[in-house]
Amino acid sequence: MIDRRYIGHTLPAFQVPVEAGRLRFFAKATGQADPVYIDEAAARDAGHPGLPVPPSFLFCLEMEAPNPAAIRELLGMDYRTLLHGEQGFTYHAMAYAGDTLRYEQRIADIYDKKGGALEFVVRQTRVSNQRDELVAQLRCVTVVRNA
Amino acid sequence: MTTPALPDWDALQQGDALPPLELPPITRLALALYCGASGDHNPIHVDTDFAQSAGMPDVFAHGMLSAAWLGRLLTNWVPQPAIRSLDIRFAAITHVGERITCTGKVHEKFEHEGRRCVRLHVMTANQDGITKLSGEALVAWP
């Protein structure tokens, strides 16, 4: 069982630069052909200051943490038993190529179901930009299958 | 596909469907590209040997690849700044070779603090209609 004393634990904040080339690669990988997500001129014509970060990409940038396995290692979770159960985004401001985003992660909850056969780790992440504006709140639920 | 204008809120009705987003069958190349572009290097999605060592018959798609497609479903319908939230549950594994379709429906229309809003139900399903992801999105008019 995962030690419940980690509920409320916060991880060291980290910063991630948003790179235009990475956004174009993400557009290719997700079949996104809308020029607003690929071409800076099209983005500006649509009223954006640069290439927008698409809705789910804030989760991807979270994996640019200095140690993306930090929570897994802290809680002693085995990669092979994990499933992504839920993912939520609440948006407050758009993010763009050229921004530097700050991620603050917190273990919001740990609980189990089916007599401990399934454990759930809820991570909440606050994302803000270089102007200290709140960009989004992320909520990730990881499921641990204890065979 | 180019960025749309916001639909007329007054004309929307509960049950109205968004234009669906149909994806081509999922290839291993698509999973490799998503692995690199997303930064999610979990080998279970790209390395068959690893997947089998974890008791899976084969590699399978990242849940967040389907989440990105749901993002496209939304940004095909409204400009992205109108999207206020997106909450997704991963209900079943999406396999190589499956043809996924993303759909969305107006579930609720309301005004909140003077802003016109729509709550959508969104989902992805395979060619047999099996639900893979389901979720909700909130869209607010400026």
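## Hairpins of chain A

In this predicted model, strands β4(A) and β5(A) form a hairpin with five residues between them. Asp132(A), in the turn, has a positive phi of about 65°. The two strands, with β5 spanning residues 134-145, run antiparallel and are joined by 11 bridges. Strands count as paired if DSSP finds at least two bridges between them. Leu118(A) has Arg145(A) as its bridge partner in β5(A).

β4(A) (residues 118-128) also runs antiparallel to β3(A) (residues 100-113), again through 11 bridges. Ile107(A) pairs with Arg123(A) in β4(A). Four residues lie between the strands of this hairpin, and Lys114(A) takes a positive phi near 55°. Helices (H or I, at least four residues) and strands (E, at least two) are DSSP runs, numbered from the N terminus.

## Nonpolar core

The largest nonpolar core has 57 residues. Such a core joins buried Ala, Val, Leu, Ile, Met, Phe, Trp, Tyr and Cys residues through C-beta atoms within 7 Å. Buried means 20 or more other C-beta atoms within 10 Å of the residue's own, with C-beta atoms placed from the backbone. Leu58(A), Trp69(B), Leu70(B), Leu73(B), Ile83(B) and Val139(B) touch the most other members. Helix α3 of chain B (residues 63-75) supplies the largest share, eight residues.

Not counting residues up to four places away in sequence, Ile83(B) touches Pro55(A), Tyr91(A), Leu74(B), Val78(B), Ala137(B) and Val139(B). Contact means C-beta atoms, placed from the backbone, within 7 Å.

## Conventions

Residues are numbered from 1 along each chain as its sequence is written, and chains are lettered from A and ligands numbered from 1 in the order in which they are written. Local features need pLDDT of at least 70 and side-chain atom pairs count only at pLDDT 80 or more, while totals for chains, interfaces and linings use all residues.

Technical notes: Buried ≥ 20, exposed ≤ 12 C-beta atoms within 10 Å, placed from the backbone. Contact = placed C-beta atoms within 7 Å.
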